[in-house]
Amino acid sequence: MTTGYVWHELFGWHDTGSGPLFPADPAAGIQPLAHLAHPDTKRRMHELIAVSGLLDHLTRIPTRVATEAEILRVHTPEHVERIQRESGLPKGGDAGDGFSPFGKGGYDIAALAAGSAIAMVEAVAGRSVDNGYALVNPPGHHALPGTGMGFCIFNNVAVAVRHAQAELGIRRVAVVDWDVHHGNGTQAAFADDPTVLTISLHQDNCFPPDSGPVTDRGRGAGTGYDLNIPMPPGTGDGGYRYAAEAVIAPALEAFRPELIVVASGFDANGMDPLARQLISSRAFVHLTETVMAAADSSAGGRLVLVQEGGYSPVYVPFCGLLTIATLAGVPVLEDPILPIIAGQAGHELEPHQKDAVDRAAALVTDITAG
Ligand code: ZN
């Protein structure tokens, strides 16, 4: 098994400003502090991958900048032009919602993230590696065609999927989004398209507000090909395991994708400040095994994971390390935090969690390999 890997130092230079969430504002009582989406969390994940020795077993895939034409497959010209314009300002700009700042040159880093997701899809589709992990920053899954939001500027996964369909001879793609927040931007990009199945496993009504109910199923010809699994707050490893087995695995088996792309956020972990789920690295390993088995079954193993959110600088690196080690089939150092997180209460599947999963599972029968 050869596993590709992408990281570039510029991803650690994505400047999210000096406000903890909203920009610092003394009149509003908002003190300066490192932003919750500070890039150090992802830089620490890369450094753990290097220090643990896992990096020696991975194949580095060169990063590249997405062209405007590639970004425009998903985004509007107005959005691209606004990001370019604000990127030239001395203090940069904002992705679109007022709490997703970027610094001067932010366009170039965002285009590098989207282009690097493309590069990883090309490497996996072309079989130069068996599967791959693109550790990119800023994330992408909240970015809508016409605006960025939720720390996301361009939708890296959607841009990479559209590239695979336009240039690489791939038709059916499944996107599995296990970031704890709803993958609303990715859902919007493919809502009317039955060739892209989007599955979002997220905390019920967490972010964006009122987004990602199980009743959101796409529109027009794409109806049935958006699958949302909103999990109650407080779900642990057992609930996530059940969601993987009862919805994600059978949905992928029914759809028979030629490529699986995972929007890989680590913010469902039990130490994250921006959500209320409880899971440990053990659950991320199981999710990874689930999509690997599905990729082997229908996609010739073609599987790409692209980094999304994750805001615990302490635990995200270990969740990422174990996820990539699973992809590569390489044993690495153990997660030292696992006994604490996995030892907490709440990992048994609860009836209300099972009900939430079962509502999504009932929709799988509408998915075909068309
Ligand atoms: Zn998230």
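Which residues in α7 meet which residues in α11? Gly239, Tyr242, Ala243, Ala246 and Val247 in α7 meet Gln353, Lys354, Val357, Asp358, Ala360 and Ala361 in α11, where contact means heavy atoms within 4.5 Å.

Before going on, a note on the source. This is a predicted model, in which local features need pLDDT of at least 70 and side-chain atom pairs count only at pLDDT 80 or more, while totals for chains, interfaces and linings use all residues. Residues are numbered from 1 along each chain as its sequence is written, and side-chain values use heavy atoms, with hydrogens and water left out.

Back to the helices, which are DSSP runs (H or I, at least four residues) numbered from the N terminus. Helix α7 covers residues 237–255 and helix α11 residues 351–361, and their axes are 10 Å apart at an angle of about 20°. The axes are lines fitted to C-alpha atoms over the stretch in contact, with angles running from 0 to 180 degrees between N-to-C directions. The two are therefore roughly parallel, a term for angles under 35 degrees.

Now the zinc ion. Its protein donors are Asp179 (OD), Asp179 (OD), His181 (ND1) and Asp267 (OD), at 2.0 to 2.6 Å; donors are N, O and S atoms within 2.8 Å of the metal (3.2 Å for Na, K and Ca). In sequence, the donor residues follow the spacing D-x1-H-x85-D. Asp179 is buried at 1% relative accessible area, and His181 is buried at 6%; buried means under 20%, with a 1.4 Å probe and protein chains only.

Last, Gly185, which lies in helix α6 (residues 184–189). Gly185 is also buried, at 0%. Its C-alpha atom is 7.9 Å from that of Gly140, 45 residues away along the chain.

Note on methods
Buried < 20%, exposed > 50% of the residue type's maximum accessible area, 1.4 Å probe, protein only. Parallel < 35°, antiparallel > 145°, perpendicular 65-115°, else oblique.
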